[in-house]
Amino acid sequence: MDKVMSNKKIITLYVLPALLIILGIVYIPILLTAYYGLHDWNGIGALTFIGMENYTALLTDDKFWASAWHSLLLALFSAISLIIYLVVAMVLASRIKGANLFRKIYLIPMLLSSVAIAQLWLRMYHPTNGIVNSLLETMGIANPPAWLAEPNLVLYALFVPILWQYAGFYILIYYAGLKNIPSTLEEAARIDGATSLQIALRIRLPLMLEVIKVTIVLAVVGSLKYFDLIYVMTGGGPNGASEVMASYMYLTAFRAYDFGYGSAIAFFLLLICLIVTWIIRRATASKETIQYS
């Protein structure tokens, strides 16, 4: 085996198929997207080279920057929600009664498609028959808002099902990380008189930092390119109040048939995701790594 793995030709032969697949489904489409962004194209006819016009127009497009702000707000809320997910995971990992049942309940949204979740919450947010407004009316609120029709509320109303949809995913990641911490560390701390809060803050949290860094990147980048549930529930409305970068790109390319400008938006979205990922990694970088055995 050592002789085989030291042969560069054999290593190249093993790695080449994966490299070709990654090249074909990742890097070539990225390059083509950047290339199409240099053209005026309706998706069917001939391409007309216009240079950097699409990209310069993007910099002064108020609708795009409004959608970018909405995506950044979603990313911010997603990052903050990780605190709640971590607390829930710590509670579940504390051997509370019914923890197995709660883990299964939290995973239910992951089993549903985004379209099914969108249809569920559309009915919950219905202004007259929805459960949300019905509960508000029982609490004495006479005229509850139409959540998906109010420009000032629709974006935050959409954040609730989005964060609910992925709660089980992050709770599961944190729960697995917590279960990987040796129980001897916590037992030793308890013998020394540490409380549950001290164990959580001084033992569990430091040992979970690497996992937390990964989830921050996943949550923020995933929010920046989020599309499906928002498109099904509001289509970016009313009047663009819930438009995000991915939905604006879709409407530009597949509704307005401006594939050149849509490609420019898609490539710019990629650059934003890369920049944000780099910033997060730099901001959370640490020279010291906590190790345990």
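How close do the axes of H5 and H8 come, and at roughly what angle do they cross? In this predicted model, the axes of the two helices come within 6 Å, and the crossing is at roughly 130°. Because an angle counts as oblique when it is neither roughly parallel, roughly antiparallel nor roughly perpendicular, H5 is described as oblique to H8. The crossing in which H5 passes H8 is left-handed.

Helix H8, which spans residues 154-179, also packs with helix H4, which spans residues 62-92. Two packed helices are described by the angle between their axes together with the distance between those axes. For H4 and H8 the angle is about 40°, and the axes lie 7 Å apart. Angles under 35 degrees would count as roughly parallel, and those from 65 to 115 as roughly perpendicular, so H4 is likewise placed as oblique to H8. The crossing of H4 and H8 is right-handed, whereas that of H5 and H8 is left-handed. When the residues in the contact of H4 with H8 are sorted by class, 21 are nonpolar and 3 are polar, while no charged residues are found there.

Attention then turns to the empty space inside the model. Rolling a probe the size of a water molecule over the atoms shows where such space is left. A search of the whole structure finds 1 cavity of 30 Å³ or more, and the largest cavity holds about 40 Å³ of space. The lining of the largest cavity is made up of Arg103, Tyr106, Leu107, Gly168, Ile171, Leu172 and Tyr175. Helix H5 (99-111) and H8 are the elements that give two or more residues to this lining, and these are also the two helices whose axes come within 6 Å. The largest share of the lining, 4 residues, comes from H8. By class, the lining of the largest cavity has 5 nonpolar residues, 1 polar residue and 1 charged residue.

Ser196 lies in helix H10, which covers residues 196-207. The relative accessible area of Ser196 is 52%, and because a residue counts as exposed when this value is over 50%, Ser196 is classed as exposed. Between Ser196 and Leu58 there is a separation of 138 residues in sequence, and in space the two are 52 Å apart, taken from C-alpha to C-alpha.

Key: Residues numbered from 1 in each chain as written. Predicted model: local features only at pLDDT ≥ 70, side-chain atom pairs only at ≥ 80, totals over all residues. Heavy atoms only, no water. Axes fitted to C-alpha atoms, helices over the stretch in contact; angles between N-to-C directions. Parallel < 35°, antiparallel > 145°, perpendicular 65-115°, else oblique. Left-handed = near helix turned anticlockwise from the far one by under 90°. Nonpolar A, V, L, I, M, F, W, Y, C, P; charged D, E, K, R; others polar. 1 Å grid on protein atoms, 1.4 Å probe; cavity = no way out; pocket = protein on both sides within 12 Å on 5 of 7 lines; lining within 4 Å. Points joined across faces, edges and corners; volume = space filled by probe spheres on them. Buried < 20%, exposed > 50% of the residue type's maximum accessible area, 1.4 Å probe, protein only.
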